[in-house]
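Reader: I have a new structure open and would like to learn how to read it. Could you walk me through it, feature by feature?
Author: Gladly; let us look at it together.

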Amino acid sequence: MNEEKEVEEQSKPLVLEKLEAAHADALLAQDEVRGTTVVVVRKERAYAVLEYLKTDPELAYIYLVDVTAVDNSRMESELMQFDYARFMVVYQLYSYQGQCRVRVKVPVHENDLSISSATGLWRAANWLERETYDMFGIHFEGHPDLRRILMPDDFEGHPLRKDYPLRGRGERERFNFDKQNV
Amino acid sequence: MQSGLERATGEKMVLNFGPQHPATHGTLRIVLELDGESILKATPHAGYLHTGFEKLGEHLDYNQYIVVTDRMNYLSPLSNNFGYVLAVEQLLGIEVPKRCQYIRILMAELSRVADHLLWLGTAALDLGAFSVFLYSFREREKLYSIFEKTTGARLTTSYTRVGGVLRDLYQGCEEDVRQFISNFPKALKETHTLLTRNRIWMDRTKGVGPISGEDAINYGLTGPCLRATGVAHDLRKAEPYSSYDEVTFDVPVGTNGDAYDRYLVRMEEMIQSCDIIAQVLDNMPDGPVNSENNKIMLPHKEDAYGHIEGLIHHFKVIMDGHGVEVPKGDHYCATESPNGELGFYIVSDGSGTGYRIRIRPPSFLNFQALPHMLEGGMVSDTVAVLGSLNVIAGELDR
């Protein structure tokens with residue numbers, strides 16, 4: 001039994017090992033799926049973990065590939081797993097140095113939709129977070145310019161939430177261009 | 001030479017560039033704050049072509065969604081088809097037969113050449129070099145005939161299927177492709193003689209819209225725009241998907257990260273793609289094209305009409321609420337599309353329809369870095385820089 005455990009620990013990716021050492025209290029879950037390391041992180045500690053992943057010289061996840069969210073309200077199993085948090089904010093990171101990917105997931109409850117913005121770490125986060133805000137209504141604290149990006153500024157609702165109908169809500173008579181801030 | 005900002009007079013003017021400007025190739029808008037001809041501030045706006053592709057992914061089954069992927073980067077639909085089905089297949093945990101992988105690579109590389117050719121023609125046209133447009137479209141037309149014969153469509157190809165492709169290559173495809181790649185380097189040389197050492201072209205693009213490698217990574221730039229800064233990163237090499245580990249090719253890089261380097265990188269990538277195509281044709285394996293897994297692929301027509309099992313399989317794949325059943329879980333799969341990293345993040349709840357399909361478009365992040373490249377430059381550089389980024393509105397807004 002002990003031998004098996006040792007083998008298991010040796011094959012553990014570096015990023016998990018280091019995260020466990022430095023941010024053990026922030027991790028809610030961890031997994032290794034199809035070559036990608038997946039970690040689920042407590043919301044309060046998300047920024048610290050992302051900063052650690054980016055700045056640690058051995059990990060150097062300097063490329064933020066993507067920021068998005070998933071509305072888990074129609075997926076009971078996922079909801080149960082993380083204390084009925086409706087949204088899961090998903091960061092995809094890539095390390096040029098190690099040529100490997102890590103996926104950081106952060107559960108966000110519907111009654112508190114704010115999460116720290118990663119714009120201070122990556123400039124790429126700016127538009128990605130704007131899109132996530134636009135589509136899901138996640139509020140990124142500290143974002144310099146949190147406006148809608150794909151939908152018009154006076155649009156109501158967040159279209160990628162599961163309770164938003166596919167065909168939208170009514171039709172728009174005209175776009176009000178005067179009110180849009182340029 | 002004085003830089004734009006040194007000539008500033010202190011009077012500001014706001015210029016709306018787009019959404020109907022001919023150089024925007026689609027619908028996007030840049031609000032430029034100008035002082036004389038120098039750009040103080042540039043604010044890009046996206047969203048004019050937002051079509052809700054990600055929302056559609058939650059309502060269409062996995063095979064129906066392939067049609068939507070055509071319309072993202074409509075200049076290289078075959079690359080999008082490839083990237084999407086690869087993500088679904090990896091989530092399913094299946095691998096398609098070797099011949100299918102080779103056909104997909106062949107088509108993806110041909111579409112990379114077609115995409116770069118269209119980019120070359122229009123970017124040069126925007127800067128006033130009209131004849132380049134004619135030369136590149138002449139070549140592109142040959143590729144589109146090959147696409148039409150293979151897929152039945154020129155633009156909306158929908159060629160791949162989960163577990164395979166629509167059909168095998170047509171008879172005589174190999175000769176057509178070989179003829180194309182034997183003539184193409186010569187044709188591209190003509191363009192080189194028109195542009196590469198052309199005084200006007202160099203003045204308009206050299207040192208225009210530069211970005212450093214560090215900034216490019218920080219902004220999430222990928223594809224030719226990243227490689228032009230000197231970062232030799234290509235997903236086909238870094239994480240060889242499908243059968244890309246069986247072909248050899250070089251990754252061209254630039255040094256200054258300006259519009260001229262982006263041009264040179266794309267030009268060389270076309271030659272490298274031809275190289276890959278030649279290797280793929282030489283080593284094209286025989287054997288079945290599509291996965292024989294009847295839970296995923298439609299059965300042959302004779303089976304569907306002639307045998308009860310075939311008919312059942314056919315219905316199971318087609319019927320609403322059945323379809324290709326993808327196991328529960330999530331997966332991110334990235335491919336090197338002509339514009340950069342095209343990623344699909346698919347969350348499955350175990351049914352035949354995706355729970356969430358997120359597209360990570362290269363154009364969206366490349367466009368975001370535009371102010372960084374423009375600010376401090378001249379207003380006429382806007383066209384050159386925008387052209388060099390090759391922002392495709394369909395992919396930008398999805």
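This is a predicted model: local features need pLDDT of at least 70, side-chain atom pairs count only at pLDDT 80 or more; totals for chains, interfaces and linings use all residues.

Reader: Which helix of chain B is followed by a residue whose phi is positive?
Author: That is α4(B), with B:G128 after it at a phi near 95°.

Reader: Back to chain A, then. How many residues does helix α5 of chain A have, and what does it reach from its first C-alpha to its last?
Author: Helix α5 of chain A covers residues 125-136, which is 12 residues, and it reaches 16 Å from end to end, close to the 16 Å expected at 1.5 Å a residue.

Reader: Is α5(A) mostly covered or mostly open?
Author: Burial is judged by counting neighbours: a residue is buried if 20 or more other C-beta atoms lie within 10 Å of its own. By that count α5(A) is mostly covered, with 12 of its 12 residues buried. Among them are A:W127, A:L128, A:Y133 and A:F136, and also A:E129, A:R130 and A:D134.

Reader: What is the pattern of chain A as a whole, read along the sequence?
Author: The order is α-α-β-β-α-β-α-β-β-β-α-β, made up of 5 helices and 7 strands. Of the 182 residues in chain A, 37% are buried. For contacts in chain A with a separation of 6 or more, residues 24 or more positions apart account for 52%.

Reader: How many residues does each chain bring to the contact of chain B with chain A?
Author: In general, the size of an interface is often given as the accessible area lost when the parts come together. Here we can count residues instead: 32 come from chain B and 28 from chain A. On the chain B side, the elements that each supply at least two residues are α1 (53-56), α8 (213-218), β6 (329-337), β7 (340-348), β8 (354-360) and α14 (362-368). By class, that side divides into 11 nonpolar, 12 polar and 9 charged residues.

Reader: Into which domains is chain B divided?
Author: There are two entries to find: domain 1 (4-45) and domain 2 (53-296 + 324-397). Their centres, taken over C-alpha atoms, are separated by 29 Å. The contact takes 21 residues from domain 1 of chain B and 20 residues from domain 2 of chain B.

Reader: Which strands supply the side of domain 1 of chain B that touches domain 2 of chain B?
Author: β1 (13-17), β2 (29-35) and β3 (38-45) of chain B each give at least two residues, and the largest share, 7 residues, comes from β3(B). That side of domain 1 holds 12 nonpolar, 7 polar and 2 charged residues.

Reader: How do I describe two packed helices?
Author: You give the angle between their axes and the distance between the axes. For helix α4 (residues 98-126) and helix α16 (residues 381-389) of chain B, the axes come within 9 Å and cross at roughly 175°. That makes α4(B) roughly antiparallel to α16(B). B:T122, B:A123 and B:D126 in α4(B) meet B:V383, B:G387 and B:S388 in α16(B).

Reader: Why is α4(B) described as largely enclosed?
Author: Because 26 of its 29 residues are buried, α4(B) is largely enclosed by the rest of the structure.

Definitions and conventions. Residues are numbered from 1 along each chain as its sequence is written. Chains are lettered from A and ligands numbered from 1 in the order in which they are written. Domain bounds come from an automatic or database domain assignment. Two residues are in contact if their C-beta atoms, placed from the backbone, lie within 7 Å. Helices (H or I, at least four residues) and strands (E, at least two) are DSSP runs, numbered from the N terminus. Ala, Val, Leu, Ile, Met, Phe, Trp, Tyr, Cys and Pro count as nonpolar, Asp, Glu, Lys and Arg as charged, and the others, Gly among them, as polar. Axes are lines fitted to C-alpha atoms, for helices over the stretch in contact, and angles run from 0 to 180 degrees between N-to-C directions. Angles under 35 degrees count as roughly parallel, over 145 as roughly antiparallel, 65 to 115 as roughly perpendicular and the rest as oblique. The expected span of a helix is 1.5 Å times one less than its number of residues.
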